[in-house]
Amino acid sequence: MRRRKLLRILGSILFAATLLPVPARATGGDWLAPIDNPLLVQSGSLPERPLQAEITADTFGLALADDSVSRAYAKPSVLLQTDDQLVFTVTIAAAGPYTLAFDAAAADIFMNQPEGQLEVDGAFPSLDARRVVFPVFYKNRSDDFPLDRYGNEALPRQDHLVRWSTVPMRDPGFSEAYPARLELTAGEHTFAFTLTQGSLYVGSLYLDAFTPYPAYADYRQAHPGAETSGLLIEIEAERSSFKDDTSIRPVNSRSLEVTPYETYSLLLNTLGGESWKHSGSTVYYEFEAPAAGYYAITLRALQNFKSNFTVFRRVTLNGEVPFEALSAVPFAYGTTWSNITLGADAPYTFYLKQGRNVLGIEATHAPHAVAADRIQQALIDINDLSLEIKKLTGNQVDPFKEWEISDYIPDLRERLIAIADGLRADRETVLATNRGQSSQEVLTYQMAIDSLDFLAGEPDKVPNRMNRLSEGSASAAQLLGKILPELQNQPLVLDKIYIHSLDTTPPVVEVPVFAALSEDLKRFVYSFQPNPYQTIGADEGEIEVWVNRPRQYVDLLQLMADQSFTPETGIRVKFSIMPDEAKLVLANAAGIQPDVALGVSTHVPYELAIRNALKDLRSFDDFDSFIKVYTPGSLLSYIINDSVYAIPETQDFWVTFYRKDILDSLGIPVPHTWNEVIEILPELQRYGMNYNTPLSSGSGYKNYLFTAPYIFNQGADLYSESGFATGLESDEAIEGIQFMAESFTLYGMPLTTSSFYDSFRYGSLPIGVSNVETYIKLITAAPEIDGLWAIDLYPATVAPDGELYRYATGSAQASIMFAGTDQPEESWAFMKWWMSTETQIDFQQQLVLNYGLEYFWNSANLEAFAFSTIPQEHKDVILEQWRWLQEPVKLPGSYMQERELSNAWNRIVFDGVNPRVAIDSSVIIINREITRKMEEFGYLKDGQVVRTFKIPTIDTVKGWMEADDNPNP
């Protein structure tokens, strides 16, 4: 158990009278001007208000912070690290709901938000108190968008902004309109706040009585002031001052109604859309009000992402929600840009102080929060009910068997009706927020309700109709799983923001018909121009690099190289999107190949290298020292004899994914070996569940990615020591192949899994082995099981001597240099820069900052991956599994072994052929093809060895790395 620092306030704070109502705080604070220092620190102060309980940092018993961040705050502050704890006592004079807020600033960290938890009197006062999330702010490094070499605007770099703000304790999903409420009784209470993640500056804490937001009329009465006249402040929405979610980004719109606009260049002229849809994601705009008084706010917005669906935004001014109506401002579906004034036909006006003010616009699904919570509870109830039924039936589905299931679950009908009735009420709420218009969400609701009503009509037939309850794409559970993220996602795109006097109308953009036709004609003519991002050829003295990735990656690469690599080395680089990876051989034959290619699939380098198309990277003196950032086994498929023809760029990982909630409910431990997997299979299968293996996915062809680990973990080699014959004849290899087949024929693992991600979410496959693709989907697109799953190492094979082996493949993408380059030294300098730890960290951080975790970059550079944005416990598992990464060696004719290994598995599993017989027939075919290809490439002649072929191993690569550490004297 990690040691905690217990920090107690010297005395308690006594309330002399009943707490007075105080407006609840919102995310943010009263924003002040930025402080000029390299950390981009901004200060915040508390608004003038009758606070009831302020716990200042100088009473914590900690050494006060004294640095640029703490000096930007007007009061004493402390710096908390993970596991630090603040303990204080407060005497409450009157029972009731209270809110707790922090003056806080996230320390200079990357991405991972500081988190904590709050206990009151030794227990969590609510579920929300288990996870208190603090914002991390970011701002563009430059106010102007950089231009790429083709004149199109690119996303600017984003920097962490250490900014003080008053942060109320809210629910971790930011789904509620109000801060979290603490129900406290009268008397003394002990509060303990523990920082569970990150580093956090903390100033004063505030315990206030909870009060709803005021009505608009009350807000006006509380803020006396005059209406302004003739004033108009125009803000381009894409030029935000700062934000708390890096995935909110400027996007290009080709609409003539949007400003700025350019026919022949792509401008980042709007903000948001699909990148601004998660609750709690907030963008802030600082502006100067020329005079104190009342102003209206108009947003030029478009919501054409979700048909007949209303999305919402929470609006704050200077850190506060001014009145109730702004806690969830609706934006209806539309197909054209509109000027939407807050308050619509009866516009609201807001009191602004003269000088700097801050407008915050936060995505929120608060109007759907109750519905989302009910769906999550309904999914739990359906899964529990499904498990109860399967425990009784043994998961036997027989249409001719009749069940009296209601004798064992007498309230089955009532439970189904209760779930359906709750969903029916939520359906009406969603319909009302959509102004009575039916949407896809409403239709899906109705389908789920119909299934539940149908099952409730004949409860004894539910065991034979589980496809309507929890299994299958049309089941109630899976339909509700589809609705949940749709209710939570709130996409909206903004063009402009107007802060204006009520007597001043913001300009309305009207596009004349002839102007639109003229623009369409110009675009049509321009479309015949070649795409500059795919043009072939570079200028004299310029390295040409083809990238097998989308334009977002190419733009960022070009920007980083122009800003870093070229100034440091004087070497200019031109990046192009790779026309077609499959045609690299043809490009080389035609003499139009680039100097370097990035993002190349792992099977391509060998096919090019064996034909002398690639440069041997080991010919560079510093190669052996450079590759220390890699896992030794990741290089094996790029080695021919003692030459290396590619370096890994990204790296896959195969780990065990498991549902904590389901395994706990069944009392099943997480298996760490294949023997333990086999032990839990009967219990899983008894409830209609199973264990997923990589072999269950994909087509009928099983390549080395799936089959090789079974060979490696038995201690077998794929080839003979000389490389001129297969190694599948060994007893160890046969044992691996036999287990690979018996996993399905004997132990009943699923032969095919159309989508492990979906099956994992819905609980039919609560555990199994999968890769980075599943991981990214789970962390970005499975909110309904957030916190309910984890990962563990690949199951180990137990050797006769008790040793555990977890070898798995890790094929992803690689970087190559063509042999025909006339700038080998410059190209190698570029490749080293690209895969250096510093560049990889910068690249992976900027990808996530600009586009979100959907663009998670699984760098093959181990040092860089350690700085990735995923949870530390996940990184620890992945890095440990990568110690067992082993790529299959390639040699002339190895493709036939890969194919025949798959064919043997199919014959054993589907035709019932004995494993030894299946392999013996394959060995003849494999050896014949290896011999033929070895003769073609000059290693054999008339069956005799004329040139030796070296089979590389992990020890081979380790030897290169270690030799650099201990050079010969």
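I began with strand β11 (residues 137-140), which pairs with β12 in the antiparallel sense over four bridges; strands here are DSSP runs of E of at least two residues and helices are runs of H or I of at least four, numbered from the N terminus, and two strands pair if DSSP finds at least two bridges between them. The model is a predicted one, in which local features need pLDDT of at least 70 and side-chain atom pairs count only at pLDDT 80 or more, while totals for chains, interfaces and linings use all residues. Residues are numbered from 1 along each chain as its sequence is written, and side-chain values use heavy atoms, with hydrogens and water left out.

Within that pairing I looked up Phe137 and found its bridge partner in β12 to be Leu161. I then checked the cover of β12 (residues 158-163) and noted that six of its six residues are buried, where buried means under 20% relative accessible area, exposed over 50% and partly exposed in between, with a 1.4 Å probe and protein chains only.

Next I turned to two helices. I found that the axes of α4 (residues 412-433) and α5 (residues 440-457) come within 9 Å and cross at roughly 160°, the axes being lines fitted to C-alpha atoms over the stretch in contact, with angles from 0 to 180 degrees between N-to-C directions. That angle makes α4 roughly antiparallel to α5, since angles over 145 degrees count as roughly antiparallel, under 35 as roughly parallel, 65 to 115 as roughly perpendicular and the rest as oblique. By class, I recorded 13 nonpolar, one polar and five charged residues in the contact of α4 with α5; Ala, Val, Leu, Ile, Met, Phe, Trp, Tyr, Cys and Pro count as nonpolar, Asp, Glu, Lys and Arg as charged, and the others, Gly among them, as polar.

I moved on to an open sheet of four strands, which has mixed pairing and the order β36-β37-β35-β38. Its edge strands, each pairing on one side only, are β36 (691-692) and β38 (789-792). I saw that β36 pairs with β37 (residues 767-770) in the parallel sense over two bridges, and that Asn692 has Gly768 as its bridge partner in β37.

Last, I followed the loop between β36 and α15 (704-712), where Pro694 has its place. Pro694 counts as buried because its relative accessibility is 7%. Leaving out residues up to four places away in sequence, I found that Pro694 touches Trp654, Phe706 and Val769, contact meaning heavy atoms within 4.5 Å. The C-alpha atoms of Pro694 and Phe706 are separated by 5.9 Å, although the two residues are twelve apart along the chain.
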